Amino acid sequence: MTGKILLVVHQETSNPGRVARQLRGLGYSLDIRRPSGGDPLPAHMNDHEGAVIFGGPMRANDDHLDFVRAEIDWIETVLASGKPYLGICLGAQMMVRTLGSEVRLHKDEMVEIGYHRIKPTVSGRDFFNKPMCVYQWHKEGFELPDGAELLASGERFENQAFKYGDNAYGIQFHPEVTNSMMMRWLTNAAHMLEFPGAQPHVDQVRARRRYDGETIRWLDGFLRMWLKIA
């Protein structure tokens, strides 16, 4: 085996989806932990080759939740280790808070739920070779932390992907979401489709058929780059 990757999820029913599948395909074993359910986070990264923190229904600003505060503090351990870190949606917003910047609602209380186009910055062309329509499910966005490099931007929420240091990344979208996961989100969180800016169920299903293949290819290339696999 190539090594072990730590995956941090946030609900009993959470599924790391396509990220887990592709990491296993690259030869990695997975250590899946749920701090919200009492799983401890490691004191060091000596036993792991990298870490991914996924999304969840809680907010990065939920300091009253002990596990949220603990994860935000723990990200410093990963960054100090020099091991690869990837934050997806909530995981990206947590890293933003670790680095001292803010996470907040859209000024007009709009959301991004459904497929939205992101555009690479000049610095991001090695990571996104063209604009992409990616799957989003969030109400809040984030400020770019000091020292971070913006890799992709969007129209409604400007900061969509960033890099910090040599190998820590935050992305606002959800490349891990499989079709079955998307159907479950659309069913279990159907009330969120009433939020301003959310795309209707049928439009999301139609867009997935058009854009999901591109997401699969992007994720494979990104994970190989992130883990420095030739």
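Modeller: Two strands count as paired once DSSP finds at least two bridges between them. With that in hand, ask away about this predicted model.

Colleague: Happy to! What makes β9 and β10 a pair, and in which sense do they run?

Modeller: Strand β9 (residues 148–154) and β10 share 5 bridges, and the cut-off is at least two, so they pair; the sense is antiparallel. A hairpin of 4 residues joins β9 to β10.

Colleague: And how do you know that β10 pairs with β11?

Modeller: By the bridges again: there are 4 between β10 and strand β11 (residues 168–171), against a requirement of at least two, so this is a pair too. Its sense is antiparallel, and Y164 has A168 of β11 as its bridge partner. These two strands form a hairpin with 3 residues between them, and in the turn G165 has a positive phi of about 70 degrees.

Colleague: Why is β10 called largely enclosed?

Modeller: Because 5 of its 6 residues, in the run 159–164, are buried. Buried here means under 20% relative accessible area.

Colleague: What makes β2 and β7 edge strands?

Modeller: Each of them, β2 (28–33) and β7 (132–138), pairs on one side only. They end an open, mixed sheet of 9 strands, ordered β2-β1-β3-β4-β11-β10-β9-β6-β7. From one strand to the next, the twist averages 25 degrees.

Colleague: Now the helices. Why are α2 and α3 described as roughly perpendicular?

Modeller: Their axes cross at roughly 75 degrees, and the class spans 65 to 115, so roughly perpendicular is the label that applies. The axes of α2 (residues 66–81) and α3 (residues 90–98) come within 9 Å. Among the residues making the contact are I72, I75 and L79 of α2 and M94 and M95 of α3. By class, the contact has 6 nonpolar, 2 polar and 4 charged residues.

Colleague: One last thing: how do you know whether H174 is buried or exposed?

Modeller: Its relative accessible area is 5%, and the limit is under 20%, so H174 is buried. H174 lies in the loop between β11 and α4 (179–188). Beyond its neighbours within four places in sequence, H174 is in contact with G55, I88, C89, Y135, Q136, W137 and W185.

Methods
Residues numbered from 1 in each chain as written. Predicted model: local features only at pLDDT ≥ 70, side-chain atom pairs only at ≥ 80, totals over all residues. Heavy atoms only, no water. Buried < 20%, exposed > 50% of the residue type's maximum accessible area, 1.4 Å probe, protein only. Axes fitted to C-alpha atoms, helices over the stretch in contact; angles between N-to-C directions. Parallel < 35°, antiparallel > 145°, perpendicular 65-115°, else oblique. Contact = heavy atoms within 4.5 Å. Nonpolar A, V, L, I, M, F, W, Y, C, P; charged D, E, K, R; others polar.
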